[in-house]
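Please report on how this protein is packed inside.

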Amino acid sequence: MKVLLIDVYNYNKGGAETVCFNTGKMLEEHGHEVAYFTLKWADNNPSPYSKYFPESKETRRGPLKQVKNMINYFYHFEAARKIEQLIGDEKPDIAHIHLMWGQITPSIFPVLKKYNIPILFTVHDYRIVCPAYTFRNGKGQICEECKGKHFYKCFTNTCCKGSKLMSAVMAAEQYFRNRYFNPAKYIDGFIYVSNFAKEIQERYMPAVKAKKNITLYNFSTSIVEHAKEMPKDKYFLFFGRLSYEKGVKTLLEAFKDIKQCKLKVVGTGPKEDELKEYAKNNGMHNVEFLGYKRGKELTDLVSNAYFVVVPSEWYENNPMTIIEAYSVGTPVIGAKIGGIPEIVVDGKTGYQFESGNVKALSEIILKADGLNDEGYKAISGNTIKFANENLSKESYWNKLIAFYDSFLRK
């Protein structure tokens, strides 16, 4: 079997790419062929398929760049042409999409249908039913006002990065897409990474209920065998994008009055300067900003952490941060929102707290800090057990390949 994996980026920009590339490696390990279709970016990894990659908004050149970028937000003509070339040369049996909206665009749907290639889609965010993809309005509040059809609300509520123009464009793209390239019509099967994502997508696009689907939590490429001992350097860890929906401001507020607990913050993003300024102004010497980390350096930080904290304030789907923590036996404190409660078992693999509630988070941090050696080792062992049962490559593979096969049976 040859699988065409489709994503916007050919480098590890985020969780979706991590899952995409891990899936590709897993397919190859089991003797299947994999081809990739992404856009061109300066940070892209080398690829034998790069000749098929269309221009992105950053690599496009010429005096009409901005005009073409706007058009290609709705329909990417080059993407449609290039994917047809790739299909002609590589002849894939199935197409598995991870990210595409507003970048590759659904321009590729009719081409895949033309060649009778089943289209599967992993739902990493909520862009199919929410123009701004996070279910948050311009005030940073959870918002479901569009209800799968009133997308003008994205503009009236300024849901996209505080910009009326960007909000209008995203709302318009959603109307255009649903009118001409409705996902419920073109996509043959959905892979949800949480039951929460499945429920909310089916609520606001009921037509997708008729499509084959499966819930597959993201998986870990390796899981340690033994529980961790209490770390000697006991620090809590946040790692991820420093943006408003990630709840890092709430996390800092929680640590402000518990100076005996140490927090390390890994990542960059639009709120970085604001967060650093808050920590400085409040004399938070117990907080350390480490910037962007990757590879072994990041793995070591996660492995040596006391707890990983996921304080999200949006409908976080199935965070790779939690899966990466569990894979090294590090327990997690997670906000009770979105798909997080499905994989943070309160009192077993970590602790839950009410999203956005500073007092509740402070209390949970102190509760975690108070664990004795035996209690900590037990909770670490539970994360490994949970990972083996729900987040392993073997479990993921068996379900994924059965799902693939269901579209290829004659």
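The report goes from the core to one strand and its neighbours, then to a pocket and a cavity. The model is predicted.

**Core**

The largest nonpolar core has 142 residues. Seven residues stand out in it by touching the most other members: Ile 6, Ile 108, Phe 109, Leu 112, Phe 236, Phe 307 and Ile 333. Helix H16, residues 393-408, gives this core its largest share, seven residues.

Phe 109 is one of those that touch the most other members. What does Phe 109 touch, leaving aside residues up to four places away in sequence? Its partners are Ile 97, Met 100, Trp 101, Ile 119, Phe 181, Tyr 186 and Ile 187.

Strand E5 spans residues 189-192. Are its faces covered or open? Both are covered. Gly 189 and Ile 191 are buried on one side. Phe 190 and Tyr 192 are buried on the other.

E5 pairs with strand E4 and with strand E6. The table sets out the two pairings.

| Pair | Residues of the partner strand | Sense | Bridges | Residues standing opposite |
|---|---|---|---|---|
| E4 and E5 | E4, 119-123 | parallel | four | Thr 122 and Ile 191 |
| E5 and E6 | E6, 212-215 | parallel | four | Gly 189 and Lys 212 |

Ile 191, buried in E5, faces Thr 122. Gly 189, also buried, stands opposite Lys 212 of E6.

What lies between E5 and E6 in their β-α-β unit? Helix H8, residues 195-204, does. The unit of E5, H8 and E6 is right-handed.

H9 gives the largest share of the lining, three residues.

**Cavity**

How many cavities of 30 Å³ or more does the structure hold? It holds one. The largest cavity has a volume of about 90 Å³. Its lining is made by 14 residues. Cys 130, Pro 131, Phe 135, Cys 143 and Cys 146 lie nearest the centre of this cavity.

Key. Residues are numbered from 1 along each chain as its sequence is written. This is a predicted model: local features need pLDDT of at least 70, side-chain atom pairs count only at pLDDT 80 or more; totals for chains, interfaces and linings use all residues. Side-chain values use heavy atoms; hydrogens and water are left out. A nonpolar core is a set of buried Ala, Val, Leu, Ile, Met, Phe, Trp, Tyr and Cys residues joined through side-chain atoms within 4.5 Å. Buried means under 20% relative accessible area, exposed over 50%, partly exposed in between (1.4 Å probe, protein chains only). Helices (H or I, at least four residues) and strands (E, at least two) are DSSP runs, numbered from the N terminus. Contact means heavy atoms within 4.5 Å. Two strands pair if DSSP finds at least two bridges between them. A crossover is right-handed if, with the strands pointing away from the viewer, the path from the first strand over the helix to the second runs clockwise. On a 1 Å grid over the protein atoms alone, a cavity is a set of points where a 1.4 Å probe fits but cannot get out, and a pocket is an open set with protein on both sides within 12 Å along at least five of seven lines; lining residues have an atom within 4 Å of a point. Grid points are joined across faces, edges and corners, and a volume is the space filled by probe spheres set on the points.
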